[in-house]
Amino acid sequence: MIDCETEINQGRRFAFGRNWLRFGQLIDEDRIALARRSLESALGTTDLTGRSFLDIGCGSGLFSLAALRMGARVRSFDYDPESVRAAEKVRQEFAPDSDWTIGCASILDGAFVRQLDRADIVYSWGVLHHTGALWPAMEAACGLVAPGGTLYVSIYNDQGAESRIWTSVKRRYNRSGSMGRRLLLTGSMLYLGRNYPARAALTLAQRVRGTAGARVPRPRGMSRKHDLVDWVGGYPFEVATPEEVFSFCRERGFALRHLKTCKGGIGCNEFVFDRAAATGG
């Protein structure tokens, strides 16, 4: 398997971890609280005491930390070593003596996946569509959910032709130099803000000063500035309709409990599925 750094250097993968390291500097108790509330809302509980939580593609580690604060035993891993560094820094600062393990691995590594214990909650928000093999990654994630457990994933929405255009933008971004990347970021920001031109112009002015969207948390505790970079650069990139995700999981014994769509637009559709409990025979 080609390693992450090689893929980044070849322009075949976005440096997600570098972006997460920068975002990690913004993590504070307010962002942790927002992340926790979003988990509580989607999972329908405020207490994960005694439950195992597997974070596939942990990024900054913010949501692993939120699950830990809810009482879970947490295991996190990410394909990008810089993301692992980001999560380790968050653990060191906010949960140094906790029951939280972090490792560097890929969900597409069958040997690694087979040695993992099944988890009560398998969480992968905005990750599996960046593996380069969405459906095998989904298959692996489904297989890691314990009987009676929960799968919580979000997958980029399929917008048809527009999604194909974004794929080209993302591919070009990762093959461009610093100037080309800045132009793609600026153009994408203006395009995404085309329905709100005054807001887009203000954001552009703030970005020139290096302040755009960094300090004011978004829902889930995220950062508008870092989300923009992640969106424009995020490659590999795959998409799926809500119906495709629902059918895939239903065929594997999962029942949909929670759905939050991006209303047919840009962004992720969010799903929480429950796996049937094992029955005696």
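## Cysteines

Cys104 has a relative accessible area of 49% and is partly exposed (partly exposed lies between buried, under 20% relative accessible area, and exposed, over 50%, with a 1.4 Å probe and protein chains only). The model is predicted, so local features need pLDDT of at least 70 and side-chain atom pairs count only at pLDDT 80 or more, while totals for chains, interfaces and linings use all residues. Residues are numbered from 1 along each chain as its sequence is written, and side-chain values use heavy atoms, with hydrogens and water left out.

The structure holds zero disulfides (a disulfide being a pair of cysteine sulfur atoms within 2.5 Å). Cys4 is in no disulfide, and its nearest cysteine sulfur, that of Cys104, is 7.4 Å away. Cys104 is likewise in no disulfide, with the sulfur of Cys4 as its nearest cysteine sulfur. Cys4 counts as buried, at 3% relative accessibility.

Ser176 sits in the loop that runs between helix H8 (161-175) and helix H9 (178-192) (helices, H or I with at least four residues, and strands, E with at least two, are DSSP runs numbered from the N terminus). The relative accessible area of Ser176 is 21%, so this residue is partly exposed.

Leaving aside residues up to four places away in sequence, Ser176 touches Arg181 and Leu184 (contact means heavy atoms within 4.5 Å). Ser176 and Gly267 are 91 residues apart along the chain, and their C-alpha atoms are separated by 24 Å.

Ile266 is found in the loop between strand E6 (254-260) and strand E7 (268-275), and at 34% relative accessibility it counts as partly exposed. Together with Tyr191 and Leu192, Ile266 makes a nonpolar surface patch of about 220 Å². Patches are made of residues with over 30% relative accessible area and no salt bridge, joining like charges within 9 Å and nonpolar side chains (Val, Leu, Ile, Met, Phe, Trp, Tyr) within 5 Å; a salt bridge is a side-chain nitrogen of Lys or Arg within 4 Å of a carboxyl oxygen of Asp or Glu. Accessible areas come from the Shrake-Rupley method with a 1.4 Å probe, and for residues only the protein chains shown count as cover.

Lys263 also lies in the loop between E6 and E7. Lys263 is exposed, with a relative accessible area of 79%. Its phi is near 60°, a positive value in a residue other than glycine.

## A cis peptide bond

Tyr235 and Pro236 are joined by a cis peptide bond, with omega about 5°. Pro236 belongs to the loop between helix H11 (224-233) and helix H12 (242-250).
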